[in-house]
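Welcome, and thanks for opening your viewer. Load the model, pick a cartoon view, and let's walk through it one selection at a time.

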Amino acid sequence: MSIEAVDIKYVYNAGTSAAVTALDGISIEAGRGEWVSIVGHTGSGKSTLAQHLNLLLTPFSGFVSIDGVRAAPGSREARAARRKVGLVFQYPESQFFAETVREEIAFAPSNWGVAGDALDACVTEAASWAGLSPAALDANPFSLSGGERRRVAIASVLSARPDYLVLDEPTAGLDASGVRGLTATLRELCSNGMAVIHVTHDMETALSMSDRITVLERGVLAVSGIPERVAEYLSQRPVKGLVMPPSVRFAQGLREKGVSLPLVSRVDGIIEVLEEARSRRKR
Ligand SMILES: Nc1ncnc2c1ncn2[C@@H]1O[C@H](COP(=O)(O)OP(=O)(O)OP(=O)(O)O)[C@@H](O)[C@H]1O
Ligand SMILES: [Mg+2]
């Protein structure tokens, strides 16, 4: 079970003097339970790719398939497949329409016929995943801070219980503890079998959390693969706008002095191992 974009080409304003090739031959795949990051400098095509994944944009060539269904735009299959993919937009505030946070979060499930206590449970659960306090549910979304609005946008997508969650720069507007909280939530959703496709500039999160990373550069693929491979590539050939975390630069410096070590340390993996060890001791 996976979402797959294959050899996508997309041109804005095609056929005019303002034509921009935003994506050229881009492929990406995420299986359920995986965390895949899309990184790149501003204008590299990340948001355009994100919008292909939930079938909002139709590629000029190439295709998107969701759980093996390659759906024609506008078809019944496309509508069904699209329900499996949630997209948190880069500027989610522009999508708000409801007068309360509760209505905003309830929109998708109530459209699908969920009502009464089941709808309340759906809203409360999504709000809690997104780190929103119950008190925020009765607020007007536009009265909230930037960070809270972002949480509302995330909750509105989670309430639809997507199998594939695409987030376009979801940490913009969050403070450091907000970023940590959201990262932990996404990790947990992944462990529960959701795929997370994370568009970000933040190489530290991408390298430490992802199963695979795709790096875009002006609409074409710079490199893709497991974090170690991407870190190796970017250490040799920097891509504009992507800043390698200090830990990678430090490891790279040690390597140049002849110390053999990986560039990426998966801190979450270490924590998991420690937790496993602790629970074994208790048994
Ligand atoms: N609606 C549009 N009309 C015309 N050109 C567009 C449109 N949206 C994006 N583009 C262009 O397509 C290219 C890719 O844009 P996109 O928004 O996908 O990049 P991005 O990687 O998400 O950038 P950012 O990091 O700034 O969000 C850019 O050259 C951009 O100027
Ligand atoms: Mg963008």
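**First stop: a pair of strands**

Select strand E1 (residues 2-12) and strand E4 (residues 61-66): five bridges join the two, and they pair in the antiparallel sense. Keep in mind as you look that this is a predicted model. To see one of the contacts up close, pick Val6, whose bridge partner in E4 is Phe63.

**Next: the whole sheet**

The four strands make an open sheet, ordered E2-E1-E4-E5, with antiparallel pairing. Its edge strands are E2 and strand E5 (69-70), each pairing on one side only.

**Then: the helix across it**

**On to the ligand**

Centre on ligand 1, which is surrounded by 13 residues; the closest are Tyr12, Thr42, Lys46, Ser47 and Thr48. Strand E2 (20-31) and helix H1 (46-53) each supply at least two residues of this shell, and H1 gives the most, with three. Colour the shell by class to see nine polar, three nonpolar and one charged residues.

**Finally: zoom out**

Bring back the protein chain, with its ten helices and ten strands. Its radius of gyration is 20 Å, close to the 19 Å that the globule rule gives for 283 residues, so the chain is as compact as a globular protein of that length. Colour by burial, and 37% of the 283 residues come up as buried.

Definitions and conventions: Residues numbered from 1 in each chain as written. Chains lettered and ligands numbered in written order. Predicted model: local features only at pLDDT ≥ 70, side-chain atom pairs only at ≥ 80, totals over all residues. Rg over C-alpha atoms; globule rule 2.2 N^0.38 Å. Buried ≥ 20, exposed ≤ 12 C-beta atoms within 10 Å, placed from the backbone. Near = placed C-beta within 6 Å. Nonpolar A, V, L, I, M, F, W, Y, C, P; charged D, E, K, R; others polar. Pairing = 2+ DSSP bridges.
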